[in-house]
Amino acid sequence: MEEKIVFHTDDGDEEFFILEQTKIGGVNYLLVADSQEEEADCYIFQDTSEAGDPEALYEMVEDPEQLDALSKVFAQLMDDVEIV
């Protein structure tokens, strides 16, 4: 069972399951899924908080080039999962 994380948004709270996390160039990234089903939707979030902040601030990665590069990194970290 994966660890759960709750994101607080203007539209309410959204719960995701953390599949993997990594740090690249000093920035933390999370690969999350919206359910534990095999065909779940996955998203990559980037920690955008300032150093020393008590709480992390995550934003969804939307840049196509950055998303493609991060998807490849997560695919290597999770060799039994296909990320499309």
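pLDDT is the predictor's confidence in each residue, from 0 to 100. This is a predicted model, and its chain has a mean pLDDT of 87. Of its residues, 92% reach 70 or more. The fold includes an open sheet of five strands, with helix 1 packed on the sheet.

**Basis**
- Residues are numbered from 1 along each chain as its sequence is written, and side-chain values use heavy atoms, without hydrogens and water.
- Because the model is predicted, local features need pLDDT of at least 70 and side-chain atom pairs count only at pLDDT 80 or more, while totals for chains, interfaces and linings use all residues.

**Confidence by element**
- Helices (H or I, at least four residues) and strands (E, at least two) are DSSP runs, numbered from the N terminus.
- Strand 1 (residues 3-9) has the lowest mean pLDDT among the elements, at 85.
- Strand 3 (residues 27-33) has the highest, at 94.
- Where pLDDT is low, the predicted coordinates should not be read in detail.

- Strand 1 and strand 5 (58-60) are the edge strands, and each pairs on one side only.
- The twist averages 45° from one strand to the next.
- Axes are lines fitted to C-alpha atoms, for helices over the stretch in contact, and angles run from 0 to 180 degrees between N-to-C directions.
- Seven bridges join strand 1 to strand 2 (residues 12-24), and T9 has G12 in strand 2 as its bridge partner.
- A hairpin of two residues connects strand 1 to strand 2.

- Helix 1 touches strand 2, strand 3 and strand 4 (42-47) (contact means heavy atoms within 4.5 Å).
- The direction of helix 1 makes about 75° with that of strand 2.

**Salt bridges**
- The whole structure holds two salt bridges (a side-chain nitrogen of Lys or Arg within 4 Å of a carboxyl oxygen of Asp or Glu).
- K4 and E15 form one, at 3.9 Å, N to O.
- K4 lies in strand 1 and E15 in strand 2, so the pair ties together parts eleven residues apart in sequence.
- D68 and K72 form a salt bridge at 3.4 Å, N to O.
- Both D68 and K72 lie in helix 1 (residues 64-77), four residues apart, about one turn of the helix.

**Exposure of the charged residues**
- Buried means under 20% relative accessible area, exposed over 50%, partly exposed in between (1.4 Å probe, protein chains only).
- K4 is partly exposed at 44%, and E15 is partly exposed at 41%.
- D68 is partly exposed at 40%, whereas K72 is exposed at 52%.

Terms used:
Two strands pair if DSSP finds at least two bridges between them.
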